[in-house]
Amino acid sequence: MNVKPPLTKAGRREQAAKTRGRILDAAHQLLLAGGYEATTMQLVADAAGVAVQTVYFVYGTKAQLLAEVENRVVLGEARLKQWRHRPWAAQVQQETDPHKLLALFVEVSTDIQGRIAPFVAALGSSLPSDPQSVAARERDRDEFFGAVVDRLGALGAFRDGVTPSRALDIIRVINTVEAYADLTTRRGWSAAAWKEWLIDLLSTQLLAR
């Protein structure tokens, strides 16, 4: 009889990470397909191939599971707080051409919005809307936007009259999930058309000629 050797500490961590990934993948698909109320912890467990007790042990409540899925939607496999470790974050800090920097920013943010838009459309009313949760989302967004603004400022790229604070306000009001969803879903724009328009608009609004 073959007996499997006991897992090492690293092996247990890897196995736990794979289990969390399966649970999040299953929850994501079920939430998109059926919405928050219809997605039970038992359904998530069945789809992930684990015991329902495992789902509760890892995530505690359905609300917390939803929050973890939301985090994953934003940055894929990475945790939300780990965005500075993504390869494109290093590119942002290294790019010396303001126009290429904006193009990189739009490319990355459009990729994120492409994942967020259907998630918000399916679950918007179920996402936490308390002041603390809303403030946390805005803080994470502004940290990402602010990194680009800081880099443009360091390059001396702003047009006359544009301060870092004003630049952040402009990006915040233009580059929203709502605007992306409206143009690409309701108005029929392609993602490429959105990116071209946004790069042109941000360049005009922010950069010295």
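## Helix 5 against helix 7

Helix 5 and helix 7 run roughly parallel to each other, because their packing angle of about 25° falls under the 35 degrees that counts as roughly parallel. Their axes lie 9 Å apart. This is a predicted model.

On the helix 5 side the contact is made by Trp88, Val92, Gln93 and Gln94, and on the helix 7 side by Phe144, Ala147, Val148 and Arg151. By class, five of the contact residues are nonpolar, two are polar and one is charged.

## Two residues of helix 5

Trp88 is found in helix 5 and is one of the residues that make the contact with helix 7. Trp88 has a relative accessible area of 14% and is therefore buried, the cut-off being under 20%. Trp88 and Val55 are 33 residues apart along the chain, and their C-alpha atoms are separated by 32 Å.

Ala90 also has its place in helix 5. With a relative accessible area of 34%, Ala90 is partly exposed. The C-alpha atoms of Ala90 and Arg20 are separated by 27 Å, and the two residues are 70 apart along the chain.

## Helix 7

Helix 7 covers residues 131–154, which makes 24 residues. At 1.5 Å a residue the helix should span 34 Å, and the 33 Å between its end C-alpha atoms agrees with this. Just after helix 7, Gly156 takes a positive phi of about 65°.

The buried residues in helix 7 are Asp140, Asp142, Phe144, Phe145, Gly146, Ala147, Val148, Val149, Arg151 and Leu152. Among them, Phe144, Ala147, Val148 and Arg151 form the helix 7 side of the contact with helix 5. An α-helix has 3.6 residues a turn, so residues three or four places apart point the same way. What covers the buried residues of helix 7 includes helix 5 (87–94), helix 6 (98–123), helix 8 (164–174) and helix 10 (191–206).

## The nonpolar core

The largest nonpolar core has 56 residues. Helix 6 gives the most to this core, with 11 residues. Leu65, Leu152, Leu202 and Leu206 have the most contacts inside the core. Of these, Leu152 is listed with the buried residues of helix 7.

Not counting residues up to four places away in sequence, Leu202 touches Leu102, Phe105, Val106, Ile170, Ile171, Ile174 and Leu207.

## Leu183 in helix 9

Leu183 has its place in helix 9, which covers residues 177–186. The relative accessible area of Leu183 is 16%, so this residue is buried. Leaving aside neighbours within four places in sequence, Leu183 is in contact with Gly188, Trp189, Trp194 and Trp197. Leu183 and Lys62 are 121 residues apart in sequence, and the distance from C-alpha to C-alpha is 32 Å.

## The chain as a whole

The secondary structure comes to 10 helices and zero strands. Along its principal axes the C-alpha trace spans about 75 × 40 × 30 Å.

The chain has 209 residues, and buried residues make up 39% of them. Among contacts between residues at least 6 apart in sequence, 69% join residues at least 24 apart.

Terms used: Residues numbered from 1 in each chain as written. Predicted model: local features only at pLDDT ≥ 70, side-chain atom pairs only at ≥ 80, totals over all residues. Heavy atoms only, no water. Helix = DSSP H or I, 4+ residues; strand = E, 2+ residues; numbered from the N terminus. Expected span 1.5 Å × (residues − 1). Buried < 20%, exposed > 50% of the residue type's maximum accessible area, 1.4 Å probe, protein only. Contact = heavy atoms within 4.5 Å. Core = buried A, V, L, I, M, F, W, Y, C linked by side-chain atoms within 4.5 Å. Axes fitted to C-alpha atoms, helices over the stretch in contact; angles between N-to-C directions. Parallel < 35°, antiparallel > 145°, perpendicular 65-115°, else oblique. Nonpolar A, V, L, I, M, F, W, Y, C, P; charged D, E, K, R; others polar.
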